[in-house]
Every structure is written in C-alpha cells, then in structure tokens.
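Look at the model and trace the chain from one end to the other.

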Amino acid sequence: SLPPAMTDATKEGRSEQWASMWGKGIPKGGGFDTGDACIALSAWLQAHPAPSEGARAFVPGCGRGYDTGALAAAGYNAVGLDLVDQAIDEAKKFFAELPAGHPLAASKEKVELVAGDFFEAELGEFDLIFDCTFLCALHPEAWEKWADRTVSLLKPGGRLVSLVFPICDKEGGPPYALLPDAVKGLIEPRGLTILEEQNPVPEELRHMPKNPFGAQTAFIVFQKPQ
C-alpha cells in the first residue's frame with residue numbers, strides 16, 4: 001500500500017518524527033546532533049562578530065543550541081527555536097551544565113531558548129538568521145513559505161547565513177537534498193543580495209564530514225536591503 005499523503009503540516013516540519021527521535025534519546029554527536037557548533041559558522045563569526053550591542057540572532061530548528069551559543073559568544077542576543085519541547089529541555093540542560101571554562105559558558109545569559117513553531121511563533125525581527133539543516137528538514141513544497149517567513153523575520157540590512165547541506169543526489173527526505181542554486185532561487189527574488197559565497201566550503205569546514213550521503217557543504221551570506 002502507498003504511504004499516507006503528506007499533509008501541509010508535515011511538509012512544514014510539524015512531524016511526530018522529531019518528537020519521537022528526541023523521546024528515544026539523541027546522544028551528543030549522534031544522529032543529526034553535531035555535538036558542537038557548526039564549524040563553518042564559528043569560522044565566519046571570528047571575522048564577523050555582532051555588529052552592535054543588542055543585535056539579535058535567530059537559529060530555527062536549534063536542537064541542543066550549539067549554534068545559538070556560538071552566536072551569543074560572538075555578541076548576539078541569540079534566540080534558538082525548536083518545535084520539540086524535549087529538544088529545548090536538552091538545550092537548557094546543555095547550557096546549565098557547561099563548565100566555567102567552556103567557550104560558550106561566559107555568554108550563556110545571552111541565549112534564549114524557545115519551544116514553538118517557526119511559521120507561527122512571535123519572535124520579533126533579527127539582525128542575523130542562521131539556517132543550518134533546517135530548510136533541508138522541510139519538504140520542498142514548503143520552501144517558498146520558508147523563504148517568505150525567513151525574509152520577514154530579518155530587519156532591514158539583516159543577514160541570512162545559509163549553510164547549504166546536504167548537497168548530494170539523495171531522493172526524498174528529510175533531510176532533503178539542497179543545492180546552492182535552489183537556496184539562491186528562493187532568496188534572491190525576495191530582494192536579498194549575496195555578500196559572500198563558498199561553494200563548496202574548504203574541506204576542514206565541511207558539515208558532518210562523515211555523513212552517510214557523502215554530501216558537500218556550501219555557505220552563503222545574504223543581506224536584506226536597508
């Protein structure tokens with residue numbers, strides 16, 4: 001028999017699958033948990049710290065919050081959002097248990113962790129949004145809606161930092177295969193310009209280099225007009 005047709009909600013990421021996975025337990029560094037902040041983001045933030053005191057950053061689908069923590073360490077008031085309550089509980093536990101000398105510990109008071117729906121949560125506007133393995137978790141039929149929502153959450157002059165992954169030939173998902181041209185085709189028609197593009201990133205900055213798809217990574221920074 002055919003699998004049940006996907007609903008719009010499932011295409012938009014509202015799937016019981018995520019709660020089920022967190023419920024079974026995702027160890028640090030297991031499954032889609034990277035165990036640490038995205039190395040390409042961390043490298044970029046060294047040259048691009050927060051532009052001003054009080055600048056806000058956002059990570060949708062934040063999981064344990066590593067990237068949210070990296071943005072806070074770079075000076076942002078950083079908001080991490082996840083659909084799954086248990087993911088946010090795990091993120092809060094991660095920050096609560098950080099040892100004093102950990103690079104993310106000193107700035108953890110700048111981290112806000114929210115359980116909620118990306119398309120509906122009241123979040124305000126941001127100077128930076130980091131999309132890393134969030135878009136690829138959504139069905140391609142929901143990508144235009146993702147682009148509308150993402151651009152609407154950016155302040156004028158704000159930046160979308162897109163880690164494009166997994167770049168590969170795999171069928172189906174999640175994760176769904178991504179291409180830099182697909183992301184550019186969603187974002188550029190909405191008026192944003194490309195500030196920077198690495199396609200692919202250097203080998204040492206690849207996301208999840210041992211991933212089962214042999215997927216490559218690209219890194220694109222877009223800016224919304226002032």
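Two strands pair if DSSP finds at least two bridges between them. Helices (H or I, at least four residues) and strands (E, at least two) are DSSP runs, numbered from the N terminus. This is a predicted model, in which local features need pLDDT of at least 70 and side-chain atom pairs count only at pLDDT 80 or more, while totals for chains, interfaces and linings use all residues. Residues are numbered from 1 along each chain as its sequence is written, and side-chain values use heavy atoms, with hydrogens and water left out.

Start with the sheet. It is open and has 7 strands, in the order S3-S2-S1-S4-S5-S7-S6, with mixed pairing. The edges are taken by strand S3 (111–115) and S6; each has a single partner strand, so one side of each is left without a neighbour in the sheet. On average, neighbouring strands are turned by 15° against each other, direction ignored. For such angles, axes are lines fitted to C-alpha atoms, for helices over the stretch in contact, and angles run from 0 to 180 degrees between N-to-C directions.

Now take some of the pairs of strands. Strand S2 (residues 77–82) pairs with S3 in the parallel sense over 5 bridges, and here alanine 78 stands opposite valine 111 in S3. S1 and S2 also run parallel, joined by 5 bridges, with valine 59 opposite glycine 80 in S2. Between these two strands the chain passes through H4, and this β-α-β crossover from S1 to S2 is right-handed. Right-handed means that, with the strands pointing away from the viewer, the path from the first strand over the helix to the second runs clockwise. S1 is joined to S4 as well, by 2 bridges and again in parallel; phenylalanine 58 stands opposite isoleucine 129 in S4.

How many of the 5 residues of S1 are buried? The count is 4, so S1 is mostly covered. Buried means under 20% relative accessible area, exposed over 50%, and partly exposed in between (1.4 Å probe, protein chains only).

H4 lies across S1, S2, S3 and S4 and runs at about 170° to S2. Helix H3 (residues 39–47) lies across strand S4 (126–132), strand S5 (154–167), S6 and strand S7 (216–223), at about 40° to S7.

Side chains of opposite charge can pair when their charged atoms come close. A salt bridge is a side-chain nitrogen of Lys or Arg within 4 Å of a carboxyl oxygen of Asp or Glu. By this rule there are 7 salt bridges. One of them joins arginine 64 and glutamate 90, with the closest N and O atoms 3.0 Å apart. Arginine 64 lies in the loop between strand S1 (56–60) and helix H4 (66–73) and glutamate 90 in helix H5 (residues 85–96), so the pair ties together parts that are 26 residues apart in sequence. Arginine 64 is buried at 6% relative accessible area, whereas glutamate 90 is partly exposed at 21%.

Another salt bridge links glutamate 144 and arginine 190 (2.7 Å, N to O). Glutamate 144 is in helix H6 (residues 143–153) and arginine 190 in the loop between helix H7 (180–187) and strand S6 (193–198), so this pair connects parts 46 residues apart in sequence.

Terms used:
Contact = heavy atoms within 4.5 Å.
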